[in-house]
Amino acid sequence: MIQQETVRSARVDEWLANGGVVLTATDRAARSVAAAHHSAQRDAGRMAWTTPAIAAWDSWVRERWTERNRDGLLLLNALQEQRLWTKVVRGSRAGAHLLHPDQLAKAAQQAYKLLCDYAPEALTSRERLGWPGDAAIFSEWITEFESRCRREALISASRLVSELAAQLLATQLENEDNSGQVRAPLLLIGFDRVLDSQKKLLHAWAGGAPSWQLLEAGDAARESVFFAARDSATELTACVSWIRRRLEADPNVRLTIVTTNLQQRRGEIERALLEANGSEIGFEFSLGVPLGQMGVARAALLLLQWLDGALTETELDWLIASGHTAANAKEEIALAETMRQLRRKGLERTEWSLEAFANPQGLASSATGYEAEQAESDAGNSRSFRRTIAPPEAWTARLLAAKQMLRKQPERQSPLAWADAVSQLLEAAGWPGFRPLSSTTFQARQRWDSVMENCASLGFEAVAPGDSGMEWDEFIGIVATAVGGTIFAAESRDAAVQISEPLESAGQLSDGIWFLGADEESWPGRGAPHPLLPIRLQREAGMPHSTPQADWSLAQEATTRLLASANEVIFSYCEQSDESEARPSRLILRHVGAPVAMPSGLAQSSPARQPLTEVYEDASRIAFPLAAMAGGSATLTRQSLCPFQAFSVARLGAEQWQPAEAGLNAKQRGQLLHAVLHRIWSKDEGGLASLQELLELPDLQAFVRSIVNWVMERKLPANLRETLPKRFLLLEARRLTGLVTEWLGYEQQRLPFQIEGTEIKSDITVAGLTLSLRLDRVDVLGDGSKLVIDYKTGSVGPSVWAGERPKDVQLPLYASLAMHEEHTGQTLQGLVFARVRPGDTKFYGRARDAANTLRADLSKASILMRNPLTDEQLEEWRRLIHQLGEDFLHGRADVDPRDGDETCKNCELYTICRIQENVSLRELIAEEEASEADSANAQGGGYGE
């Protein structure tokens, strides 16, 4: 046990033994002091002992006030008080002009608490005379708020301290002749400062006698140091390294990480501790997270909103993936498959009503023939493609039954009735799912139940004549606000590492403390005065953030307390922060001294973790059982990029998950562009047939606009046309018109050509495997040869065809096989990407004689001129593609990415191939190969020979 805790425990034990009460600044500090007391009793060999009188300040005040509540006042919870403030704000003269009265009501509630804590005398109306501007309006709100509280026998929790003090003083006056009344002495722990309002209560409790004491901070830490780190990553790495070493030396040690802006840094701190190699570090945060970020609560809220409204596709995607609506694992998988098929068929919506998602006929019929064909081609494996999309019947029945239950509810009813209905609706919908709840999730569900009880209590006010309650939308809005504003923290597990903010760590002792982010901008913390209170009043009362001196004073007290809370205290800051230089905190400089460089032993990375898997060579191969495949070019491209990727996608159906997107995603935009260009060059459908017809158009932009409008009306999936805002669709049509007009302007500069066809289907055989292909467009040039064109909107060039393992085999496959002269009887002049991008419209690819068949203005430096297409290149492609086809057919599925990490970066199959677990092995092999190469070069005389 550390020295500070030994001293404090002895003081606490003595105080409790003499009948005293221990009060702490926070609930967490109360738990810490109580845990230390219980530990001391066990160490003393006791089997049983009296429950110690240890409580947090707020809880103690509430209990003492409740004991003396002779008038039967209703103590408002936070949600009730906020609702009352909202009614006051909305009913005021200024409230009629406010866009967000709820937010202003919350600010008024905070300002009211500041007054109660720091300037209770201002609660009387005469003290507020002359308040200027917004403060004058707030003064009117205070008058109306307190008037309502008096009329309806209510009281705000912010007033309990002053009300309890008044009750105690009144009791003393009543018992002036009987002075034998004695109250338990109070010991305060973890208070950086005691407010004047708190002192009045303590003096009233003592009856004028000195029966309360503040446990002052002890001696400063034996070891304290200030480190300067290069950047945030170095600082955090050093902190984790220090924690690991301390735990290795003593597994029972208790450590604390203190940091400013904990909510912003929470993620990176958690990742650093979870990824700490070589040790398991138990840790917990003193600050919780909004309840709405907990999966079980968010799922409940989304379900309730969905029963009488719509969810965005992103929200629906998350709800299904959470598993909190599924009755079993089979249903969970089926729901995920439904979302996958929706995206395959291009049936995304910006919003989904429950009826639209539950109706498979509506879903299936909303796809146009073009999108359905494209989706089937993109599916890769025709066996896994399903034309019927339907969520599981049992799941659909449950949710529709819950929706029907909601429709049977009265249109308006009390919050209590709505809260009861919520419980029934969630149960009918199958929430929280079939999986057993973890301890944290179970606690989050309990917190949800507590929030619902608070929402049910909103019927606390006297009901006005004719008031029939509230509608469902209003109640769910209140629930959403309450869930978003409720902070959830799981029960403390007394973890070895506690993570806290400077002020939240009051009352907690540790063996060691590391204070992160001790730079001048972060410590002392800075804030703005409250906008609803006069700045002069805030400064005179010493309210937080009223002056820089007030912030400095509070940070000074917290720093002194931190230095006395552990034997070892380390402060650190980053010299480089957010692309700017940072300076050390002057406050820490005053207490600890100038910062020193971070020791190299702390800043270096952790030792490598021992591999958790055993690596062995699997030489078995299972041949592909089918003779045909849709989307064959994509499969052969994957075989070239990484054989395991092709095997997983084409044979196991393990495609990566397509995330939900608002509006049109990249694939849908590409399909619309293809549809427009297909229509423009479809001579049998009223389109153009040649360059001559393109040049004869009287108004190119008007022609393109008519085609785009036709495509938006006929080819855009019905689900998108119905749900996307009309303004958005108009902007998309305008974008397409400009883009295609620019491209056709580029094509007008070409040499003569005729259109042979667009969206041409072709079946070819590679190594015995039949592949179904689709060519975007084939032109017949002036010399009778053919040009294969593939539309692209991204940055793609002919470099993707290079090497033994091309990055993309689509066009080489078309050129060397589908368009081979032996099959067509015509010469292939070239194959090109048509890069259709704003400001970058151009052909990229290869052609035999580009200057005489494509454009006469091509320079010799042009890619098309520098690298002409040759018969040798076509033959080489044919050989490579044949080899890829054989490898796929024979079941070659090695985890062998073409470009290492670059290939893996765009692949989501790492959880299956587990390549990341073999990083160390791959690096070792690479080092050995490099060493062997260096040795061979040395023996051969080096590169100069």
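Predicted model: local features only at pLDDT ≥ 70, side-chain atom pairs only at ≥ 80, totals over all residues.

User: Is glutamine 508 buried or exposed, and why?

Analyst: Buried, because its relative accessible area is 12% and the cut-off for buried is under 20%.

User: Which residues is it in contact with, leaving aside neighbours within four places in sequence?

Analyst: Glutamine 508 then has contacts with Arg8, Arg28, Ser32, Gln498 and Ser565.

User: Let's zoom out. How many helices and strands are in the protein chain?

Analyst: The protein chain has 39 helices and 27 strands. Of its 945 residues, 48% are buried. Among contacts with a separation of 6 or more, 76% are between residues 24 or more positions apart.

User: Now helix packing. At what angle do helix 11 and helix 20 pack?

Analyst: About 165°, with the axes of helix 11 (residues 295-306) and helix 20 (residues 472-485) 11 Å apart. Angles over 145 degrees count as roughly antiparallel, so helix 11 and helix 20 are roughly antiparallel to each other. Their crossing is left-handed.

User: Which residues make that contact?

Analyst: Helix 11 contributes Leu301, Leu304 and Gln305, while helix 20 contributes Trp472, Ile476, Val479 and Ala480. By type, six of the contact residues are nonpolar, one is polar and none is charged.

User: What about helix 27 and helix 31?

Analyst: Helix 27 (residues 666-680) packs against helix 31 (residues 726-747) at about 55°, with axes 11 Å apart. The two are therefore oblique to each other. The crossing of helix 27 and helix 31 is right-handed.

User: And which residues are in the contact there?

Analyst: From helix 27, Arg669, Leu672, Leu673, Val676, Leu677 and Ile680; from helix 31, Phe728, Glu732, Arg735, Leu736, Leu739, Val740, Trp743 and Leu744. This contact between helix 27 and helix 31 has 11 nonpolar residues, no polar ones and three charged ones.

User: Last one: which residues of helix 8 are buried?

Analyst: In helix 8 (residues 196-206), the buried ones are Ser197, Gln198, Leu201, Leu202, Ala204, Trp205 and Ala206. Glycine 207 follows helix 8, with a positive phi near 65°.

Conventions: Residues numbered from 1 in each chain as written. Heavy atoms only, no water. Axes fitted to C-alpha atoms, helices over the stretch in contact; angles between N-to-C directions. Helix = DSSP H or I, 4+ residues; strand = E, 2+ residues; numbered from the N terminus. Parallel < 35°, antiparallel > 145°, perpendicular 65-115°, else oblique. Left-handed = near helix turned anticlockwise from the far one by under 90°. Contact = heavy atoms within 4.5 Å. Nonpolar A, V, L, I, M, F, W, Y, C, P; charged D, E, K, R; others polar. Buried < 20%, exposed > 50% of the residue type's maximum accessible area, 1.4 Å probe, protein only.
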